[in-house]
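Thanks for sending this one over. Here are my notes, point by point, to read alongside the structure.

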Amino acid sequence: MKFNLILLVIASFFHQNLMAQVPAPPEGQRWVLNEAFSDEFNETSLNENKWYDHHPYWVGRAPAMFIPTTLSFQNGNLEIKNFKFDQDSIWVDPWNGETNTYTMGGGAIVSKSENAHYGFYEVKMKASRIRMSSTFWLKNIWQGGSSNAVCPNSITELDIVEAVGGADAHPDFMNKMKSNTHYIHKECDQDQVWHSEGGDASVGGHVSDDFHVYGAHWQNANGIQFYIDGQPKHFISPSTAESDTPFSRPMAMHMVTETYDWVTPPSTADLNDDNRNTTYYDWVRSYYLLDVNEPLTAATNNFIQNSGLETGDFTNWIGWGGSPREVVSDDHVYSGNYAIHIVGAGAPEQVVLLSPNTTYRLSCYAKIISGEIALGVKETNTEETFLGSIDFGETDYTRKSFEFTTGDEPEVKIYFFAENGEEGYADEFELVQVTNAPEIAMPFEPSLEFYETPIYDFATNTFLSKIEYRASIDRALLIELTNNAGTIVDSKTIPAFAGYGKKSETLPINSQLNNNEAYTLTIQLIPTGNPDVVLATESFAFSSLVTSTENQLLNTPLTIAPNPGRDFLKIAGNNSEAFTIVDQMGRVAKTGVLDTNNTIEILDLTPGLYIISIGTEKETFVKIR
Ligand SMILES: [Ca+2]
Ligand SMILES: [Ca+2]
C-alpha cells in the first residue's frame with residue numbers, strides 16, 4: 001500500500017537552468033556530455049582532435065569554396081568570416097568531372113567522429129547578414145564509402161538549422177529556424193532519390209540580430225524534436241518511403257557557411273562588410289542518454305565482434321535453440337540495418353577472450369515482446385561459472401549494463417537468453433573494460449528537485465524519492481529525514497554521476513514515525529565525501545499522521561469540495577458533527593460544528609495545507625489565497 005504524504009513544499013519546484021537547455025531525461029537515465037561533438041570555442045584555435053577545418057568530402061557549392069582561413073576565434077566565439085577572392089578559382093570535381101568557378105570563400109568545420117547518434121544536439125549561433133547560409137547539421141556518407149559499394153544504398157542528413165541572414169527574397173530563412181531531414185536512396189544501377197521532410201518555427205527575431213540556441217533531440221530512427229532557446233518547437237518524422245527506420249545510422253557534425261543555388265550569391269560589398277559577413281558560434285554541445293547509475297568509463301575497445309549484427313548474419317556468433325533465433329532487418333532494428341530476434345528457449349552467444357581478474361561492463365539495447373530476457377556472461381569452462389547478468393522486460397528499446405570481474409579463466413561466453421515462451425530483440429552489444437574516464441566538466445549548474453511528491457510506503461517503512469539533479473562532475477546525493485527537533489531520523493548517501501538525471505531512490509526508516517510530529521525530508525547535492533558543502537538542496541516538510549495503533553496515514557477519507565478551496569469547504573457528511581482543522585505542523589487552526597449545509601468557512605485560514613478531522617475520518621485540503 002502506498003500513501004501520498006503531500007504536505008508542504010518548502011523550496012521552489014521549478015528551476016531555471018541557463019546553461020544547458022536539454023529536455024528532461026526519462027526516469028532512470030541521465031544526459032551526459034558527448035565530448036566528441038561538444039566545444040565551447042573559448043580557445044584561440046580549432047581543436048584538431050575533434051574537428052576538420054574544412055569539409056573532408058566536399059569543396060563547397062560554387063561559387064563559395066570552403067577555406068580554412070575563414071575560421072578564427074575571438075571573444076569566446078568561433079567566427080566564420082566569408083570573403084571575396086582576389087581572383088576566381090577554377091576547380092574540377094574529381095568525382096563527376098564538373099568544372100566550377102569559385103569566387104568567394106566560405107567556411108566549414110566538420111567533426112572527425114562520424115558516430116553522432118540518438119541524443120541532443122544544440123548550437124548557440126548568430127547568423128551572418130549576407131546571402132550565405134549559417135548552418136548546423138548532421139550527415140553520413142554512402143554505406144561502404146561510395147554509392148555503389150552496396151545496394152540499395154543510402155545517406156541520411158539532419159539539418160538542425162539553416163539560416164540565411166541576407167535572404168531578402170526568402171524571409172523565412174531570416175526569421176525562422178528552418179530544419180530538414182533527407183533520406184537519399186539509391187537502388188542498384190539507378191539514380192539517387194531524395195525523400196525529404198522539413199519543419200520550421202519562428203525564432204522571434206532576425207537570425208542575424210542575436211544569438212539563439214538551436215537544438216534537436218534526435219529521439220530515435222523516426223523522430224526529431226526541435227528546440228529554440230530551450231523551448232520545444234517543430235517535430236519532424238523522416239520519410240519512411242524506403243525504410244521503416246530511416247534515421248538509424250550515425251552521422252558526422254557540420255557547422256558550415258554556403259552559397260545556395262536558389263539564393264543570389266552575396267555582393268562583393270556585403271562580403272567586404274565585416275558587420276555582415278561573419279557567422280558566430282559561441283558553443284556547440286551534445287548529449288546522450290546513459291543509465292543514471294552507470295559511471296562514465298574511458299573509451300576502450302568493444303570486445304564483441306559483429307556487435308550490431310551489421311554483417312546481416314550471425315558471423316562471429318554461436319548459440320543454441322531459438323524458434324527462431326535469427327538476424328532480422330525490419331522495423332524491430334535498433335540501429336543500422338540488422339538486429340537479433342530470439343524466441344525462447346534459446347540464446348545467441350559469443351565467445352570472447354578477455355584478461356583474467358579484470359573488471360568489464362557488458363551492455364546491449366533490447367526490447368521484449370514477452371517475458372524477461374537475460375543478458376549474461378559465464379566462463380567457458382566445464383562448470384560454466386556464472387559471472388553476471390541483467391534482465392530486460394521493457395517493450396521499448398532500452399540500454400542496460402552490468403559489471404563483472406573475470407576469474408583466472410580469461411575466456412568467457414556472453415549470451416542473450418530467452419526461456420520458453422519469451423521473445424525479444426537485441427542490438428548494439430558492447431563489452432568494454434572498466435577504467436575510469438578522465439573527469440570532464442559538463443555544462444550543468446548544480447540543481448536538485450523532487451520531480452514527484454515523495455511517497456511513504458507503510459508496508460516497508462520507506463520513503464520513495466523521485467529526484468532530478470544536475471551535476472557538472474561526479475557528485476553525491478545525501479537523503480535525510482529529520483524530526484521536529486532537527487534530529488536526523490535516517491539518512492543515506494548515493495552517487496550522483498555527472499550529468500542531468502532522474503533517479504528513483506528509497507530511504508528505509510528504521511524507527512516508527514510519531515503521530516502528528518513534523519518531519520522534513522531533505523535532499524542535498526554534495527561533493528563526494530564532503531557533506532559540509534551543499535551545492536543544491538530541496539526539502540519537503542510534512543506532519544506525520546501515523547498513529548501508533550493503526551499504522552495508517554489517514555482513516556477513511558472525507559469528501560471535500562472545492563479542494564483547493566478559498567472561502568468555504570463543502571463536506572459530504574452529517575450536519576451538527578464536530579470538526580477539527582490542524583495545520584501541517586499539527587497545530588489546531590479551527591474547530592466547530594458542521595452547519596445545516598455541511599459547509600465550513602475557511603476565509604480566516606492562512607493559505608497552506610491542512611488536515612480536517614470529523615469523527616474518525618480525516619482528509620487533507622489546501623487553502624488558497
Ligand atoms: Ca564560447
Ligand atoms: Ca544493428
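1. Strand β40 (residues 578-583) runs antiparallel to β41, and 5 bridges join the two. Valine 582 has valine 588 in β41 as its bridge partner. Strands here are DSSP runs of E, at least two residues long, numbered from the N terminus, and two strands pair if DSSP finds at least two bridges between them.

2. A word on the source before going further: this is a predicted model, in which local features need pLDDT of at least 70 and side-chain atom pairs count only at pLDDT 80 or more, while totals for chains, interfaces and linings use all residues. Residues are numbered from 1 along each chain as its sequence is written, with chains lettered from A and ligands numbered from 1 in the order in which they are written.

3. Back to the strands: the order β41-β40-β43-β44 makes an open sheet of 4 strands with antiparallel pairing. Its edge strands, β41 (588-593) and β44 (617-623), each pair on one side only.

4. Two peptide bonds are worth a look. The one from serine 323 to proline 324 is cis, with omega near 5°, and proline 324 sits in the loop between β21 (318-321) and β22 (325-328). Glycine 344 and alanine 345 are also joined by a cis peptide bond, with omega about 0°; alanine 345 is in the loop between β23 (339-343) and β24 (346-353).

5. Leucine 309 is not a glycine, yet has a positive phi of about 60°. This leucine 309 lies in the loop between β20 (278-291) and β21. Is leucine 309 buried or exposed? Leucine 309 counts as buried because it has 27 C-beta neighbours inside 10 Å (buried means 20 or more other C-beta atoms within 10 Å, exposed 12 or fewer, partly exposed in between, with C-beta atoms placed from the backbone).

6. Glutamate 384 also has a positive phi, about 45°, without being a glycine. Its loop runs between β26 (373-379) and β27 (386-392). Glutamate 384 is exposed, since 10 other C-beta atoms lie within 10 Å.

7. Finally, the cores. A nonpolar core is a set of buried Ala, Val, Leu, Ile, Met, Phe, Trp, Tyr and Cys residues joined through C-beta atoms within 7 Å. The largest has 92 residues, of which Leu158 and Leu525 touch the most other members. Strand β20 gives this core its largest share, 8 residues. A second, separate core of 35 residues includes Leu309, Tyr360, Val412 and Ala418.
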